[in-house]
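Thanks for making time this morning.

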Amino acid sequence: MSVPRLVIAAPASGSGKTTVTAGLMAAFAERGLDVSPHKVGPDYIDPGYHALAISSAASSGASGVGRSRVGNARPGRNLDAYLCGPDRIAPLFLHGAAGCDLALVEGVMGLFDGAAGQGELASTAHVAKLLRAPVVLVVDASSQSRSVAALVHGFASWDPEVRVAGVILNKVASDRHEAMLCEALEGCGVPVFGALRRTRAVRAPSRHLGLVPVAERHAEAVDSAAALAARVREGCDLDGLLALARSAPPLSGRGWDPEEEIHRAMDAVPGAGVRGGRAARPVVAVAGGAAFTFSYAEHAELLTAAGARVVPFDPLRDERLPEGTGGLVIGGGFPEVYAPELSANEPLRTAVAGLAASGAPVAAECAGLLYLAHSLDGEPMCGVLAAKARMSERLTLGYREAVAISDTSLAAAGTRVRGHEFHRTTVVPGAGPEPAWGLVHPERRTEGFAQGDVHASYLHVHWASVPGAAARFVDRCAPPAG
């Protein structure tokens, strides 16, 4: 399948990948192109900025080139070769990018930085090779001139299978600085597609886990996206970048299909899919809003393919669960920022506790774990779990390999998964009498809670790697009454 595509990478974190990528997405969307946004790695926050940059730019209807996609923006999607396996990267990409005019993939960390101790696995370079995509290197040019040529030459020649096909110079001080950088790069064989000046006009605020999510600063983020698009239009060769993207060779194989994945998972488990196949689709409530912003797009697609009707709700605003809720999914986010407001919504806390007590399946990860706890930083939460949560000085971050210790709504005992932890909170105790997971790499410990049909854990798992989780979850949901 032929998909015009670019991977936007950098020599190191902090070079400006996210701002440049979001600016490119917005600038191309303003032209009327259908842009498909992707992110290497497990990060949830950057894809939110990608999706907003595209949707807000498309709504502006700037130049009218190409066909209008207003109101049809694509979700930001992750491509993580550790969580999902290398063989799923191209299919997941083709699924998300189907029918697009241009796919832009933002890298993670430095170009060649992957999972610790695993070589190139899950690095931007690894994903670029799996996608056979040209790489554009975003270089922080501050405090250097001729040395930029040595840097770019090193990255371009390090791995012959990685096609470093262009450079965008970021944080350039002046016209003279730009001229010096471009002159140095002339002999490198890697063309310069843009030079962006230093500016304080476009900034995204950060806190304890990185950028503040789009859902918490939507209006300001829309303005930032417009400013980024203008900056990229002025400083980058968009026509040249589009031509480079169109030079990417076709990808073999087919796109990932959630329905096929679910059917395969159901066939592998005798008796599975009984409820999921009923005409009455069970309602699965999925937490959202500003406090629960972390979710992979494929999760809702798998739940839908398994027979559920996915209904979002906002625990900060809604005082009741969606009508007929038969199962509850609470993903990641920042409940610690909104603990007083979440606690004040006592009717919903009571409803969540009642649903869990009824035996309905509940899947909670990270933020969801905190919300189900007895309290969070002293504020009463849902009280489903006999555990207390609080903010911590310590950042817990990294990939994990785990095995399900108990049978839960997401996994049968013995199921092996790969996941990711990313939090600055702690829960005491860290595991229930029946833990959800036994972590086997890089450390050995038990983690999470398996309580009735409640599965609560810090571990983020990408369900595309274990589609049986969605099938199992929906199978346990009660169908709507009547």
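Among the contacts in the chain with a separation of 6 or more, 78% are between residues 24 or more positions apart. Please keep in mind throughout that this is a predicted model. The chain has 482 residues, of which 57% count as buried, and its secondary structure comes to 15 helices and 22 strands.

Let me turn to the nonpolar cores. The largest of them has 87 residues, and the ones with the most contacts inside it are Phe93, Leu111, Leu131, Leu169, Leu303 and Trp437. Helix α4, residues 89–97, gives the most to this core, with six residues. There is also a second, separate core of 37 residues, which includes Val352, Cys366, Cys382 and Val384.

Since α4 came up, I will stay with α4 for a moment. How many of its nine residues are buried? Seven of the nine are, so α4 is largely enclosed by the rest of the structure; the buried ones are Ile89, Ala90, Leu92, Phe93, Leu94, Gly96 and Ala97. Just after the helix, glycine 99 takes a positive phi of about 80°.

Against α4 packs helix α5, residues 124–131, at an angle of about 70° and with the two axes 9 Å apart. An angle from 65 to 115 degrees counts as roughly perpendicular, and α4 and α5 are therefore roughly perpendicular to each other. On the α4 side the meeting residues are Ile89, Ala90 and Phe93, and on the α5 side they are Val127, Leu130 and Leu131. Sorted by class, this contact has six nonpolar residues, with no polar and no charged ones.

If we leave aside its neighbours within four places in sequence, leucine 131 is in contact with Arg5, Leu79, Ile89, Ala90, Phe93, Val105 and Leu251.

Helix α1, residues 17–30, packs with helix α9, residues 238–246, at an angle of about 95°, and their axes are 12 Å apart. These two helices are therefore roughly perpendicular to each other. Leu24, Ala27 and Phe28 in α1 meet Leu238, Leu241 and Leu242 in α9, and by class that contact has six nonpolar residues, no polar ones and no charged ones.

Now to the aromatic pairs, of which the structure holds five. Tyrosine 82 and tyrosine 399 form a stacked pair, at 4.2 Å centre to centre and with 25° between the planes. Why does this pair tie together parts that are 317 residues apart in sequence? The reason is that tyrosine 82 lies in helix α3, residues 81–84, whereas tyrosine 399 lies in strand β16, residues 388–404. With a relative accessible area of 2%, tyrosine 82 is buried, and tyrosine 399 is buried too, with 17%, given that the cut-off for buried is under 20%.

Phenylalanine 292 and tyrosine 371 form an edge-to-face pair, at 5.5 Å centre to centre and with 65° between the planes. This pair also links distant parts of the chain, 79 residues apart, since phenylalanine 292 is in the loop between β10 (283–287) and α11 (297–305), while tyrosine 371 is in helix α14, residues 367–372. Phenylalanine 292 is buried, with a relative accessible area of 3%, and tyrosine 371 counts as buried at 1% relative accessibility. Elsewhere, ring pairs link Phe112, Phe155 and Trp158 into a cluster.

My last stop is glycine 383, which lies in the loop between β15 (379–380) and β16. Is glycine 383 buried or partly exposed? With a relative accessible area of 42%, glycine 383 is partly exposed. Not counting residues up to four places away in sequence, glycine 383 touches Leu372, Ala373 and His374. From C-alpha to C-alpha, glycine 383 is 8.1 Å from arginine 349 in space, and the two are 34 residues apart in sequence.

Note on methods: Residues are numbered from 1 along each chain as its sequence is written. This is a predicted model: local features need pLDDT of at least 70, side-chain atom pairs count only at pLDDT 80 or more; totals for chains, interfaces and linings use all residues. Side-chain values use heavy atoms; hydrogens and water are left out. Axes are lines fitted to C-alpha atoms, for helices over the stretch in contact, and angles run from 0 to 180 degrees between N-to-C directions. Helices (H or I, at least four residues) and strands (E, at least two) are DSSP runs, numbered from the N terminus. Angles under 35 degrees count as roughly parallel, over 145 as roughly antiparallel, 65 to 115 as roughly perpendicular and the rest as oblique. Contact means heavy atoms within 4.5 Å. Ala, Val, Leu, Ile, Met, Phe, Trp, Tyr, Cys and Pro count as nonpolar, Asp, Glu, Lys and Arg as charged, and the others, Gly among them, as polar. A nonpolar core is a set of buried Ala, Val, Leu, Ile, Met, Phe, Trp, Tyr and Cys residues joined through side-chain atoms within 4.5 Å. Buried means under 20% relative accessible area, exposed over 50%, partly exposed in between (1.4 Å probe, protein chains only). Rings of Phe, Tyr and Trp (its six-membered ring) pair if their centres lie within 6.5 Å; planes under 30 degrees apart count as stacked, over 60 as edge-to-face and the rest as tilted.
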